[in-house]
Amino acid sequence: MSIDAGDRAVELLKSKVKQTRRPEVMGDLGGFAGLFRLDTKKYKNPILASSTDGVGTKLVIAQQLDIHDTVGIDLVAMVVDDLVACGAEPLFLLDYIATGEVVPDKVAEIGAGIADGCRYAGCALLGGETAEHPGVLRPDEYDISATGVGVVEESEILSPERVEVGDVVIAMRSSGLHSNGYSLVRHVLLGAGRMRLDVVIDDFGRQRTLGEELLTPTKIYAQDCLKLIAEAEVRALAHVTGGGIPGNLVRVLPEHVDAVVNRSTWKPQPVFDLIQSKGRIEDPEMEATFNMGVGMFAIVSAEDADRALATLTGRGVDAWHAGEIIEGSGNVQMIGQHTRG
């Protein structure tokens, strides 16, 4: 790897990374390890939470369009929204960028997106690694991943044991596809469907192209969920990623209850209709692959449901009462039909 190119990329990123700094961060970017002084006085029994993830084949769209400053937001979202699902506040994140050739400006664009995501999530970008893999990746190819660490008071960890019959299921709207199912999306729309990324789709509105829709960054819910936890009795949070609504909501249910989710309470974004119609995909496969318009669920006590909705709405989150918790056997029941048109 060109050492000069790597150093140049770090220099280009320093100002962006500085904007993510938290008071607990020690030292500057460029050391062998990132140092973070955990304020243990704030907690009786602090529990560290960790999560690691990537962005998947959504990166192929970014590389085809030569737009690299948004996928970092997706990366942060996939990590921090998993952390907050257990009630943890994201503290810091470490990123990893592997590329066929280190082009400082491109690496800086990717890193700038990661830094933006960290700012939205309230966590520090503590450090990372950029690796050059010539002969393995083409010069214009790259992959990214990140690991995040958060902290939560032991007595406040969100878990299935907190969920009770009568609780309310609140849905929070996604920004679109988020970062799941892109292998299927690319096959259906760009492969078999032979659609161009620069084609304007009328249903998307505002002269929006297919490429712009597919690169829409994943919504980061971390700070909204932390505020919700502070304001209302939150039993559980479910981050909707691969596996869709049934596959992720089931992860926060105890064995003696079911979650009933009513599809008629929301309308998925037009991109989901486009994918389903172009690919002739059956409803069960759509729901098992995509978020269908919901990126996060909160299960809250019935008496705090209105307060929870008011808190989220006040923060600009499109949220609604999507269902309830009933007696059952640990399953997710999807009922009703989405509104169309």
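Guide: Glu287 counts as buried, because its relative accessibility is 12%; buried means under 20% relative accessible area, exposed over 50% and partly exposed in between, with a 1.4 Å probe and protein chains only. This is a predicted model, in which local features need pLDDT of at least 70 and side-chain atom pairs count only at pLDDT 80 or more, while totals for chains, interfaces and linings use all residues. Residues are numbered from 1 along each chain as its sequence is written, and side-chain values use heavy atoms, leaving out hydrogens and water.

Visitor: Which residue forms a salt bridge with Glu287?

Guide: Side chains of opposite charge can pair when their charged atoms come close. A salt bridge is a side-chain nitrogen of Lys or Arg within 4 Å of a carboxyl oxygen of Asp or Glu. Here the partner is Arg263, with the closest N and O atoms 2.6 Å apart. Arg263 is buried, at 14% relative accessibility.

Visitor: Which parts does the pair tie together?

Guide: Arg263 lies in the loop between strand E9 (257–262) and helix H9 (270–279), and Glu287 in helix H10, so parts 24 residues apart in sequence are tied together. Helices (H or I, at least four residues) and strands (E, at least two) are DSSP runs, numbered from the N terminus.

Visitor: How many salt bridges does the whole structure have?

Guide: The search finds 16. One of them joins Arg196 and Asp198 at 2.5 Å, N to O. Arg196 is exposed at 56%, and Asp198 is partly exposed at 44%.
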